[in-house]
Structures are given as C-alpha cells and as structure tokens.
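Here's a quick tour of the pockets and the core of this protein. Have a look at the structure first, then read on.

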Amino acid sequence: SSPARDFLVRNDGEQVKIDSLKGKKIGLYFSASWCGPCHMFTPQLVEAYNELSPKAGFEVVFVSCDKDEESFVDYFAKMPWLAVPFSDPETRDGLYYEIFKVKSIPNLVILDDHGEVVNENGCDVVIVYGANAYPFTPKRVKEIKKEQDRDWRQRIKEVQDRARRERTIESDEVTMPEPKRRMSNRTRIANRRYVQ
C-alpha cells in the first residue's frame with residue numbers, strides 16, 4: 001500500500017485495515033470490467049469465496065486494471081471482497097507490473113498466511129476444483145487428483161461388475177442358437193452338382 005494508506009475498501013466504501021489480513025490466506029484478484037474472461041470467472045470466484053470466507057480465514061483482494069473509476073465501481077459492486085482503492089494507482093500498478101508481473105487477466109495469485117506465493121495460477125484451480133481446492137496449493141491439487149483418480153477407478157470397477165452381472169443373467173435366460181456350420185468347398189461343389 002502507499003505510505004499514507006493502511007486500508008483496503010469494500011464495495012460499500014467501508015475501509016478495512018490491512019493489518020486485519022495478517023494470518024489469512026489471500027487471493028490477489030487482477031481483473032477489469034472490460035475483460036470478457038474476467039466476467040466469466042468472477043462468479044466462480046464469488047461462489048468459492050462465499051463458501052470459504054466465513055470459515056477458512058481466506059480473503060480476496062481485487063486489484064483493478066480498469067482505466068476509470070466509474071468502471072471500477074460498477075464492476076466492484078458485484079464482488080463481496082476487498083479491493084485496493086482505485087485512488088491508489090501506484091499500489092495497483094506496482095502489484096501488477098513490478099511485484100507479480102501479471103501477463104494476462106483474469107489472474108488470481110494465492111498467498112499463504114505468511115504472505116508467500118503458493119500459486120500463481122489460482123484461476124485455473126478455482127475453475128476446475130472450486131472451493132474444494134482450498135488452500136489452492138499444488139499439494140492440495142495433487143491430493144484432489146489422487147482422490148478423483150481413486151473415485152474414477154471405483155466407478156469403472158462398479159460399472160464393469162454391473163455389466164458382468166447383467167451378461168451372466170442374460171446368458172442364463174436366453175438360449176443361444178446353434179452356430180451355423182461352415183461348409184467346405186467340396187461340399188459346396190457337390191451340392192451344386194446335385195441341385196442341377
């Protein structure tokens with residue numbers, strides 16, 4: 001933050017002291033009102049945030065890439081989390097260009113409770129796994145993938161077992177017709193002569 005500013009803002013104008021974020025996991029959300037993919041991702045992040053915020057010690061901070069305050073205010077009104085004030089472009093630009101070197105938006109950088117970056121691709125994790133991926137670390141993503149792999153293997157086994165049972169039941173109920181015998185060439189030739 002700028003030396004004179006020690007707060008973030010909510011969309012209703014409430015100021016929240018930056019110190020209140022100590023010990024929380026933070027998602028820095030780089031986004032803008034003019035960005036189509038951002039409009040698609042924001043509702044997914046809102047859903048994850050609403051699920052996690054009350055119980056997990058997780059906070060999101062919006063870092064706007066908007067060019068004018070009106071666009072910022074309109075877009076921020078849809079977000080339940082905090083933001084770097086639009087009136088502080090020095091901090092917003094510093095986070096975007098210097099500290100995190102953001103290349104595209106939307107971008108969600110996840111910081112642990114000590115302020116260390118644990119995931120620079122938080123958007124991908126939230127899109128694929130939602131709040132289930134919290135705290136959005138690579139370790140948690142690996143755990144989820146293992147769980148999903150185990151679940152898929154179990155489902156496949158269940159489907160295979162069901163198919164085996166159904167085939168067994170069907171084969172008990174249906175008598176199969178005798179297979180046609182294949183005639184040798186000699187028999188065919190003999191049959192032709194006899195028919196003529």
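## The largest pocket

Helix H3 supplies the largest share of the lining of the largest pocket, with three residues. Keep in mind that this is a predicted model. The pocket has a volume of about 490 Å³. Its lining is made of 23 residues, and the closest to the centre are Ile18, Leu21, Ile26, Leu28 and Leu111. Two elements give two or more residues to that lining: strand E3 (25–31) and helix H3 (89–99).

Among the lining residues are Trp34, Cys65, Lys67, Phe86, Arg92, Asp93, Tyr96 and Ile105. By class, the lining of this second largest pocket splits into seven nonpolar, one polar and four charged residues.

In soluble globular proteins, nonpolar side chains tend to be buried together. Here, the largest nonpolar core has 52 residues, and those with the most contacts inside it are Leu28, Tyr29, Phe30, Phe62, Trp81, Ile105 and Phe136. Helix H1 (residues 36–56) gives the most to this core, with seven residues.

So what does Phe30 touch? Leaving aside residues up to four places away in sequence, Phe30 contacts Val63, Leu95, Tyr96, Phe100, Val102, Ile105, Pro106, Asn107 and Val109. Of these, Tyr96 and Ile105 also line the second largest pocket.

How values were computed
Residues numbered from 1 in each chain as written. Predicted model: local features only at pLDDT ≥ 70, side-chain atom pairs only at ≥ 80, totals over all residues. Heavy atoms only, no water. Core = buried A, V, L, I, M, F, W, Y, C linked by side-chain atoms within 4.5 Å. Buried < 20%, exposed > 50% of the residue type's maximum accessible area, 1.4 Å probe, protein only. Helix = DSSP H or I, 4+ residues; strand = E, 2+ residues; numbered from the N terminus. Contact = heavy atoms within 4.5 Å. 1 Å grid on protein atoms, 1.4 Å probe; cavity = no way out; pocket = protein on both sides within 12 Å on 5 of 7 lines; lining within 4 Å. Points joined across faces, edges and corners; volume = space filled by probe spheres on them. Nonpolar A, V, L, I, M, F, W, Y, C, P; charged D, E, K, R; others polar.
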